[in-house]
Amino acid sequence: MRRLPLLVVLLGGTLAAPCAFAQTSSYNARVAGAQTEPPAPFVITDLAPFDNPWGLDFLPDGRIVVTEKSDHMYIVNSRGAKMPVTGLPVSVGANGGGGQSGFHDVAVPATYAKDHVLWFSYVAKAADGNNHLTLAKARVVEASNTAHIENLTIVWQEPSKWSVRGQPGARIAFAPDGKHVFLSVGDGDIPDVNQDRGFTAQLPDSGLGKIIRLNLDGSTPSDNPNASQGGVAGQIWASGFRNPYGLAFSEDGKLWETEMGPSSGDEFNQIVKGGNYGWPLVSNGNHYPSDAYMPGQPYPRHDTAPQYVQPSAYWGWFPTANSMSPSGLVFYKGKQFPQWQGSALLGSTSSVALYRVVLDASGNVTGVERYGRDAAGVYTGSVRAIKVNPSNGSIWYVRGGSDGMLRKIMPKT
């Protein structure tokens with residue numbers, strides 16, 4: 001990532017307007033005894049191979065839509081047979097390019113059975129010649145075991161003049177009321193624009209490092225925090241994010257996010273309206289050892305700046321780095337794992353594991369479980385995106401990488 005200047009350490013929280021939020025205690029998932037690694041109560045079945053898969057979601061008939069970063073989308077049946085979806089827009093990840101950026105998430109709205117419209121996100125080279133995160137929707141047409149999209153509509157495109165280099169975020173979540181769509185937007189791997197303008201995740205006229213909330217037609221909801229300001233400022237629901245790679249609603253209607261920190265400092269956040277989560281002014285991670293500025297030194301911690309919302313759980317330095325690089329996020333609801341009801345399931349890419357985060361009725365984190373490789377040899381691999389089958393409660397995820405795989409999790413019994 002781009003290295004942050006010493007300015008971030010010296011200024012602390014002074015570049016952002018103070019926001020008062022009720023603070024909850026951060027849950028340090030690496031305190032001895034707080035995170036456990038029990039034997040996996042599940043078995044994993046491989047369904048279909050993929051090349052750098054990124055997103056997945058369920059169609060109403062139980063089939064699964066899977067995206068690959070290099071501009072591919074497939075509809076997969078329960079036996080693992082893949083049907084390509086053609087006609088996709090071109091992203092910067094076409095032909096395997098684009099670094100972290102390319103074709104990303106896919107989301108099936110509640111209206112799909114009626115209108116067959118899918119939503120998806122990707123990083124595209126826009127008219128200004130720069131790479132911008134884009135949210136779009138299109139109708140899926142199936143005939144004779146083929147599928148293609150038509151009536152492509154760009155709903156939103158990040159408007160800043162800077163070109164995204166990585167850390168796109170790009171997760172899509174529909175509000176439980178079915179009236180709004182949320183999009184997580186990373187800082188684009190350009191956290192500091194310059195010392196005069198400040199930091200992208202803190203700029204009110206940039207969509208970078210934000211969570212965006214829109215009406216389904218792309219317009220700005222009148223009850224957004226700064227709707228009256230218009231433009232991208234009116235579309236921002238929350239700010240101060242580095243790389244928000246997970247976004248999902250819990251059963252009680254609360255919005256949650258998972259975020260890759262810098263060198264450690266990964267976060268699990270409850271998203272509040274108008275909240276500022278502090279990046280890059282605060283973090284529970286450290287600068288990378290190779291940073292030109294403050295190499296290996298800690299960022300100012302969240303608990304030193306109460307104007308920023310603290311993470312509900314984080315993985316930090318205690319005293320050595322413990323990164324898990326969270327990716328996909330889903331809340332469990334189903335019959336297959338009744339003991340997991342209401343828990344958050346987090347994908348992880350660096351620690352190649354599946355995490356279960358236990359929440360109480362108030363939304364406080366009370367425990368964390370990690371499932372990677374247990375004594376019985378259950379090995380999850382890198383979990384890039386994860387969903388629960390709404391019809392039967394089975395858990396499905398895509399293992400990331402060039403040897404990616406669509407996989408199903410079911411109880412051992």
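Two strands are taken as paired if DSSP finds at least two bridges between them, strands (E, at least two residues) and helices (H or I, at least four residues) being DSSP runs numbered from the N terminus. The structure is a predicted model, in which local features need pLDDT of at least 70 and side-chain atom pairs count only at pLDDT 80 or more, whereas totals for chains, interfaces and linings use all residues. Residues are numbered from 1 along each chain as its sequence is written, and side-chain values use heavy atoms, with hydrogens and water left out.

The chain comprises three helices and 28 strands. Strand 16 (residues 210-215) and strand 17 run antiparallel and are joined by three bridges; isoleucine 211 stands opposite alanine 238 of strand 17. Both strands belong to an open, antiparallel sheet of four strands in the order 12-13-16-17. Strand 12 (169-174) and strand 17 (236-239) each have a single partner strand and therefore stand at the edges, one side of each being left without a neighbour in the sheet.

Of the 413 residues, 60% are buried (under 20% relative accessible area, 1.4 Å probe, protein chains only). The structure contains 19 aromatic pairs, defined by ring centres of Phe, Tyr or Trp (its six-membered ring) within 6.5 Å, with planes under 30 degrees apart counted as stacked, over 60 as edge-to-face and the rest as tilted. Phenylalanine 120 and tyrosine 122 form a tilted pair, because their planes lie at 35 degrees, with centres 6.2 Å apart. The rings of tryptophan 315 and tyrosine 355 are edge-to-face, with planes at 80 degrees and centres 5.8 Å apart. Tryptophan 315 is buried, at 0% relative accessible area, and tyrosine 355 is likewise buried at 0%.

Terms used:
Buried means under 20% relative accessible area, exposed over 50%, partly exposed in between (1.4 Å probe, protein chains only).
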